[in-house]
Amino acid sequence: MASYAAINTEPDDTDPMTASTGSLRGRRSRRGKKDAGFVGQASWISSVINLVNTILGAGLLAMPSALSKMGILLGIFVIAWAGLTAGFGLYLQSRCARYIDRGTASFAALSQITYPNLSIIFDAAIAIKCFGVGVGYLIIIGDLMPGVVQGFSPGAAEIGFLVDRQFWITAFMLIVIPLSFLRRLDSLKYTSIIALISIAYLVILVLAHFIKGDTIHERGAIRIFKWAGPIPTLAAFPVIVFAYTCHQNMFSILNEIFDNSHFRTTSVISVSIGSACLLYILVAITGYLSYGDDVGGNIVNMYPPAVASTIGRLAIVILVMFSYPLQVHPCRASVDACLKWRPARRSRQNNETSPSRNALLNPAKPGSSLTKLEMSDLRFAILTTFIIVLSFIVAMTVSSLEKVLAYVGSTGSTTISFILPGLFYYKISSPDSPYHQRLMKEDDDEHEYGYESGDGDEGISTERKTRHWKKELLRKLSLALAVYGCFVMVICLVTNTFLIAAH
């Protein structure tokens, strides 16, 4: 165990200036130490916008169908529960980011200091999941745009290429390619705003049809307390759980946000998950009450042909188009991590010469770790081009990835949403972890400066006991989240296998 003395970098107390301003400088120096060499530029609102856009997607329109399988009461509970567990996974990611240098947080970085030999599996799962979702977005564009064109201009069918899915995939690729080459997630905040406007229109469309009541004659039975049975309910469960998947971009948001304090990052998570949860419940209830048990998987497709419905389908296209770069961003980082992966040597682990211990005894110069991890321009361009070209080829040659994405989502989404955040925090927050020892030292010193000399000992002792109890509870809950993730994965895989076999 590394001694606290070895990592004590505080100024000499004999310095009269230090002694007189110790309590004032202490908290600032502790915070500035982690931020040295790197300062995020993203605002709080842009972080929320990008995270909400990553969460919200076509899954919003499937909520009424999910509710029809579970009943209103159970469905609302599952939507809220899924949001709570997803939010807890994001919170654990924000806690894990505190253990490593500012600006370097990633699944790969945490894997290297927790489960180095398994990091390539984790990153491969993330890369495949994000790539599959990105391809799915392109397929949605190809499927919807011919109908959108015909909705606005019925005679467009005579012009062959306007109703050709491959033409529209190619056309929209010209828009998303420049966006995919942006390094910073914060650079996508304006396109995310446009995507959220599309979401707002879809929500208003569902509400308008519900208030107008023009679908009452087509409405089936309404379930409030009853469910459709265990199999349909289990089939709808993954739709709700995966609707909150945004964890692949959380570390980028934590790296780029200007104020990465606990309160600000937690508020980003709370507002993002809370907003998504409210919209999911709103659309689920109003959409389900519009059609009852006869509601389809995409409620917009059920509305009668009209300009408003056509605009709704165009809104879906715009939404997925601007969501595509949000999948390329983490996919590129994970592919890069896979290419850089090297198996950890056993002797290195036994001798405790891990990066975390070196960081304790020989802190790196400010910004050095960030520079080392930064992807070169050439490598960045090659990886981005490879992902874009491959996704384009797959989308042009395959008309449906539903079955493949079902398995990819069952494994990839549960891994990055529940299993990895839980395992990472449980491992890195262990009392034996050098990173945890360093962070505990910083927290202890930071709290010491917050007390007056007269009653400091008693106050510090009580505060330490409270913080110790909270950290132990958080560790247990993180392990429970990882176990829950495994449980969800098994349910999803079994359900998908059963449904695919049934078809």
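The largest nonpolar core comprises 114 residues; such a core is a set of buried Ala, Val, Leu, Ile, Met, Phe, Trp, Tyr and Cys residues joined through side-chain atoms within 4.5 Å. Buried denotes under 20% relative accessible area, exposed over 50%, and partly exposed in between (1.4 Å probe, protein chains only). Ile79, Tyr244 and Tyr280 have the most contacts inside this core. Its largest share, 13 residues, comes from helix H7 (residues 119-152).

This is a predicted model, in which local features need pLDDT of at least 70 and side-chain atom pairs count only at pLDDT 80 or more, while totals for chains, interfaces and linings use all residues. Residues are numbered from 1 along each chain as its sequence is written, and side-chain values use heavy atoms, with hydrogens and water left out.

Leaving aside residues up to four places away in sequence, Tyr280 touches Ile55, Leu56, Gly57, Leu60, Met63, Ile79, Ala243 and Tyr244; contact means heavy atoms within 4.5 Å. Among contacts between residues at least 6 apart in sequence, 87% join residues at least 24 apart.

Across the protein chain there are 20 helices and zero strands, taken as DSSP runs numbered from the N terminus (H or I, at least four residues, for helices; E, at least two, for strands). Of its 503 residues, 50% count as buried.

Trp81, by contrast, lies in helix H5 (residues 72-97) and is partly exposed, with a relative accessible area of 35%.
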